[in-house]
Amino acid sequence: MKNYMLLFFAFFLSFSTYSQNQLISDAVKNHIQARVENGLNVGIVIGMIDGETTEYYSFGNTSVKSGIPVNEHTVFEIGSITKVFTTTLLADEVLKGHMALTDPASKYLPKSVTLPTRNGKEITLNDLATHTSALPRMPDNFNPKDPLNPYVDYTPEMMYVFLNQLELTRDIGEKYEYSNLGMGLLGHILEWHTGKTYETLIKERITTPCGMPNTALKLSDNMRNHLAYGHSEGLQVSNWDFDVIAAAGGIRSTAVDMISFLKANLEISKTPINPAMQLAHQEAYVNTDSTFNIGLGWHYENKGNVVWHNGRTGGYTSFTGFVEGSKKGVVVLSNAAENMNALGFHLLGSPTPLVNPQAAITTIMKKDIEANNVDSAVKLYFQTKKEATDAYRFKETDLNRLGYEYLSAHKNLIAIRLFQLTANEFPASSNAFDSLGEAYLKQGDTALAIANYKKSLELNPANQNAKDVLKSLNFDVSKIVSDVQVSEAVLDTYLGVYQLAPGFNITVTRDGTQLLAQATGQSQFKLYPSAVHKFYLKVVDAQVTFNVSSEGVVNGLTLHQNGQNMPGTKIE
């Protein structure tokens, strides 16, 4: 698909330090370089502080499409690290005597909003700030028009509708359950209470006094000029914008600014917000059974002394934290959706090993193509895979990316051979056949282009790109994609909970004739029938097949995504 068009780019090293002492070890630097060079990350920036000593290290680029190196002034989405900004604002209001942690959250909402209660207990501000409110991770009326920018159209009115009809399934304060909804609601409450926008509150109380000019929800011109573009699976993706849930994950920042934030948290720098930060660090919920503790937003490492929070959006990951009782802190920012927790904990002294990522098989395939030819590289692929070596990963996205490198360089025959390999290795992938169709079309082979776009559309009827190309080639797509009606009686047989892995389920429900699926910790999405037992999603390239026994009983489903077939057993 055109979204997968990637250009070869060189990686550049950007390193700066403000001391002679080495806070960031060579082993860490080598690990970061390996992550970038092996295609796991696009760019990584670290900022580390220990007392008066600050050090930065950067490696990689702002985009797969450019050769612009990242550095400590590069802007990233920090995702859920935003939450500790929100809880710091709450702590500030508490210290000023304007709010109390024990206050019912409903006290600060419009009278038209009724927060759910349970067993006579109301949700407090402390419950929202510690993820113990019993509110779900996300509301079930969260149905983004654009899944690539999912939060932008979720409004206060939609949140009110959800809260007014919500029935809690467990007691308030009973257990910790991470909730973007709860933290977004807390930010909204702060807006109602102060009469100021969340953006204004952050600027007035945190970013301005802490000296953080490039930290905000909305990108200034300067921030936009220094923006690192987000990536997922090596592909550039959209930035995320927020409405009412902004306080849960909407902030953008730089390593330099986040070091300033840490300096204030560690009281290395003196600002008016320091006392509120210290209150936010204090334990506000303790679960003695699991030895799990949390402050206001800030998490405590299990059996350790690291206080931390991480973040993730569609194309970025982040980590920040500090060692309790010290002046040592770190921030890790990356423009790829790959977890950075292990690196963050390691930098703060936790016994978390740094495991270098597997190299993509395409790293040696490309060398073989340049030294010999593409057939030699394909032979190398199968030979290496047969040896079952752990040194390389064999992923569809890596093969697809390499194919587009050659397609963009007008080396169509090499690209076609690589896309053929991808389609053969991942025959359930709609995208693999879409890419092959595009390569044939560029080569001028219309018949094979149509054949592969047809196959892509059969695998994923939601593939709009395939529809558009086939229509431009005068092919009637209604021969492939047509409305399928499934009775409510049949839909009822699909309802239930399906376990794909321990702790990861897909719950299937329906609203009239609309089948709905919700994976653990994710939003609810609509399923559309392509056959009686086969459904597809429009928000992502994924399909679901319900498995029916010889007795006609639905006993499981198979999720088809990213070229993989993942079976799930019906457990409820």
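These legends accompany close-up views of a predicted model.

**View 1. Helices H15 and H16 pack against each other.** Helix H15, which spans residues 430-443, and helix H16, which spans residues 446-459, have axes that come within 8 Å and cross at roughly 165 degrees. Because an angle over 145 degrees counts as roughly antiparallel, H15 is described as roughly antiparallel to H16. The crossing of H15 past H16 is left-handed. On the H15 side, the contact is made by Ser430, Phe433, Asp434, Leu436, Gly437, Glu438, Tyr440 and Leu441, and on the H16 side by Leu448, Ala449, Asn452, Tyr453, Lys455, Ser456 and Leu459. Sorted by class, the residues in this contact of H15 with H16 are eight nonpolar, four polar and three charged.

**View 2. Helices H2 and H5 meet at an angle.** Here helix H2 (residues 82-95) packs with helix H5 (residues 180-194) at an angle of about 40 degrees, and their axes are 10 Å apart. This angle makes H2 oblique to H5. As H2 passes H5, the crossing is left-handed. From H2, the residues Lys83, Thr86, Thr87, Leu89, Leu90 and Glu93 meet Asn180, Met183, Leu186, Gly187, Leu190, His193 and Thr194 from H5. The contact of H2 with H5 comprises five nonpolar, six polar and two charged residues.

**View 3. A salt bridge joins Arg205 to Asp92.** Side chains of opposite charge can pair when their charged atoms come close. The structure holds 16 salt bridges, and one of them is formed by the side chains of Arg205 and Asp92, with an N to O distance of 3.0 Å. This pair links distant parts of the chain, since Arg205 belongs to helix H6 (residues 198-207) and Asp92 to helix H2, and the two residues are 113 residues apart. Both Arg205 and Asp92 are buried. A network of salt bridges links Arg205 and Asp92 with Glu93 and Lys96.

View 4. In the salt bridge between Arg170 and Glu177, the closest N and O atoms are 2.5 Å apart. Arg170 is buried, having a relative accessible area of 11%, whereas Glu177 is partly exposed, having a relative accessible area of 30%. The side chains of Asp398 and Arg393 also meet in a salt bridge, at 2.8 Å from N to O. In this pair, Asp398 is buried at a relative accessible area of 3%, and Arg393 likewise counts as buried, with 10% relative accessibility.

View 5. Gly311 is found in strand S11, which covers residues 306-312. With a relative accessible area of 9%, Gly311 is buried. Leaving aside residues up to four places away in sequence, Gly311 touches Ile78, Gly79, Ser80, Ile81, Tyr316, Thr317 and Ser318. Although Gly311 and Lys83 are 228 residues apart along the chain, their C-alpha atoms are separated by 9.1 Å; Lys83 is also one of the residues that H2 brings to its contact with H5.

**View 6. Helix H8 within the rest of the structure.** Helix H8 runs over residues 255-265, and nine of its 11 residues are buried, so the helix is largely enclosed by the rest of the structure. The buried residues in H8 are Ala255, Asp257, Met258, Ile259, Ser260, Phe261, Leu262, Ala264 and Asn265. Following H8 is Glu267, which has a positive phi, near 60 degrees.

**View 7. Ile251 in the loop between strands S6 and S7.** Ile251 lies in the loop between strand S6 (235-236) and strand S7 (252-253). Its relative accessible area is 1%, so Ile251 is buried. When residues up to four places away in sequence are not counted, Ile251 touches Phe76, Glu77, Ile78, Gly79, Thr82, Phe85, Tyr198, Ile202, Thr215, Ala216 and Leu217. Among them, Ile78 and Gly79 are also touched by Gly311. Ile251 and Leu266 are 15 residues apart in sequence, and their C-alpha atoms are 21 Å apart in space.

How values were computed: Residues are numbered from 1 along each chain as its sequence is written. This is a predicted model: local features need pLDDT of at least 70, side-chain atom pairs count only at pLDDT 80 or more; totals for chains, interfaces and linings use all residues. Side-chain values use heavy atoms; hydrogens and water are left out. Axes are lines fitted to C-alpha atoms, for helices over the stretch in contact, and angles run from 0 to 180 degrees between N-to-C directions. Helices (H or I, at least four residues) and strands (E, at least two) are DSSP runs, numbered from the N terminus. Angles under 35 degrees count as roughly parallel, over 145 as roughly antiparallel, 65 to 115 as roughly perpendicular and the rest as oblique. A crossing is left-handed if the near helix is turned anticlockwise from the far one by less than a right angle, and right-handed if clockwise. Contact means heavy atoms within 4.5 Å. Ala, Val, Leu, Ile, Met, Phe, Trp, Tyr, Cys and Pro count as nonpolar, Asp, Glu, Lys and Arg as charged, and the others, Gly among them, as polar. A salt bridge is a side-chain nitrogen of Lys or Arg within 4 Å of a carboxyl oxygen of Asp or Glu. Buried means under 20% relative accessible area, exposed over 50%, partly exposed in between (1.4 Å probe, protein chains only).
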